[in-house]
Amino acid sequence: MRIGAHYLGNGECEFTVWSPTLESLAVQILKPEKQIIPLKPLTEGYWQVKVNDVYPGTLYKYQVNDHEAFADPASQFQPEGVHGASQVVDHQFAWTDTEWTGIPLESMIFYELHVGTFTPEGTFTAIIPRLPELRELGINAIEIMPIAQFPGDDHIQPDLAYRNWGYDGVYPYAVQNSYGTPADLKQFVNACHDNGIAVVLDVVYNHFGPEGNYMGQFAPYFTKRYKTPWGNAMNFDDAYSQGVRNYFIENALYWLGEFHIDALRLDAVQAIYDLGAKHFLWELAENVHNFSQGGTWKRHLIAESDMNNPQVVRPPELGGYGIDAQWSDDFHHALHALLTGDRLGYYQDFGNCADLAKAYQDTFVYDWRYAPHRNRFHGISCRDRPLSQFSVCIQNHDQIGNQMKGERLGERISFAGLKLAAGAVLLSPYLPLLFMGEEYGETAPFIYFVSHSDPDLIQAVRAGRKEEFKPFHYAEDPPDPEAAETFLKCKLNWELRHQGQHQELWNWYRQLIALRKTHPALLNFERDSIEASSDEEKKVVVVRRWCESSQVILAMSFNSAPVAVSLPIQQEARKLLDSGCDAAELLSAGDEVVLQPLSLVLYEV
């Protein structure tokens, strides 16, 4: 069932709401003069009415049981914020991407960005002038953090009223009004496609934000059967759950259809609880894949999951959900622990070169192994799945934001370490993700920031941040997430990419991406085309990848001093890359190579 307000043209609009437990429901047309029009009940709890003399831009709310009125749960635009009225949207748009055929999933190089901090303007259209440089870098998939309407309040600085990572959204169909209009988002997607770049949208189907959340006024969207970090879970398997499932499936198809989005990144799917015979993720994937079959290019679903469970990406005929790919945190944790020496929190489970070697070869380091920080066994082997079904990174919004002051990796390790980290990710057999600014060593932090209007909620958020970092025994409190300056500190210094070592790092990323896109051995994602080994004493990881025509050997040193190693070379090898610039250009069988501190070298055999 298609829900929400749908403009049919010629001043006619169809309003559809799912409210299975209400006795009456009416739409309030607020301008130019207030009208109250009852909706008629349909089957399975849906209500609907067609209204004439309603045009795009019209504001409306729904009156519940002849009492209070609220915005549309499936509102497509909230020009007055989460507490205001919804607006009727006309989705006609002059698309020019008719020749667009998409980017194959295994070829995607993701660039995660936050719309509000990526540019000074913080809008969809302000990103467009930067697309040519991202294309020159080699980026072919921009992943934007959630854009569903979230709360904002700032009486002192109204232009900074909306500050949020996006995971507090309460209207999943509504484009964040401070970022632009639905037409602005379409203009951005259209420009990306014109530049050969796919668009991935981060969506949140595991919870609604706390402020402006009026979903419970309409229907049983929540269940008390399960608890999540954000309260009661979404109702995917309890009474009336069919309407909740339809709500989110229609949401996915809405972004893919009306906005030409190429893929959806599903936030924290481990918090989507469903013990029914057909898991929601399975039904969602089924609908998205059916949608793709009717289009001109394939759309994808990518799950964030910390379960280390390949069931997420296995096809349904093998008992899986059929999601196209999933994030793999073990790679990040293993690499981060080696580079930084962190051992607190979940990093206590990592820190050996053998962990990173296993992450290269087996994907999951914890594949039914005991995890000390979890105090239990964790994960299961995913060796039956292709390497290209897993995405890895060394920086993303969470891993930076999980630092108390939102420090990027460049604030914690050397320049040599940054080059090593980039090579480790981009020469891996997985789908690489970069976080905005990583490619040139951005110095601005990415701190957790919000802007709520409820004083109690503001205090709860502040207290929650302090509690989160208590185990780390910091001498000071984390930055105030409610402060405007916290948000402003996170704005990118885009001009840095042309300066000194920042430019050198940008060129290094570009070189790595170009090699990844062209070398046959690096384009082979078969599970049996890679082997990795480690030397704990020398702090070295060696990865060999191959295809029918060639092979490459990647050696990475996490040592603070030069170290000599022997590589698995049976004949002469030619050097392709060297972040330390001292290894031999040619290498014969039996030769040792001297790796500089925190460096990598790549040879072609």
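Is histidine 397 buried or exposed? In this predicted model, histidine 397 has a relative accessible area of 1%. Buried means under 20%, so histidine 397 counts as buried. The residue lies in helix 9, which covers residues 397-401. Leaving aside residues up to four places away in sequence, histidine 397 touches Glu112, Met145, Trp165, Tyr167, Arg265, Trp327, Phe435 and Phe446. Asparagine 195 is 202 residues from histidine 397 along the chain, and the C-alpha atoms of the two are separated by 25 Å.

Helix 5, residues 241-258, is another buried element to follow. Of its 18 residues, 15 are buried, so helix 5 is largely enclosed by the rest of the structure. Just after helix 5, histidine 260 takes a positive phi of about 60°.

A helix pair comes next. Helix 7 (residues 329-340) packs against helix 10 (residues 415-426) at an angle of about 160°, and their axes are 11 Å apart. Angles over 145 degrees count as roughly antiparallel, and the two helices are therefore roughly antiparallel to each other. The crossing of helix 7 past helix 10 is right-handed. Helix 7 contributes Phe331, Leu335 and Leu339 to the contact, while helix 10 contributes Gly417, Leu420, Ala421, Ala424 and Val425. Seven of these contact residues are nonpolar, one is polar and none is charged.

How values were computed. Residues numbered from 1 in each chain as written. Predicted model: local features only at pLDDT ≥ 70, side-chain atom pairs only at ≥ 80, totals over all residues. Heavy atoms only, no water. Axes fitted to C-alpha atoms, helices over the stretch in contact; angles between N-to-C directions. Helix = DSSP H or I, 4+ residues; strand = E, 2+ residues; numbered from the N terminus. Parallel < 35°, antiparallel > 145°, perpendicular 65-115°, else oblique. Left-handed = near helix turned anticlockwise from the far one by under 90°. Contact = heavy atoms within 4.5 Å. Nonpolar A, V, L, I, M, F, W, Y, C, P; charged D, E, K, R; others polar. Buried < 20%, exposed > 50% of the residue type's maximum accessible area, 1.4 Å probe, protein only.
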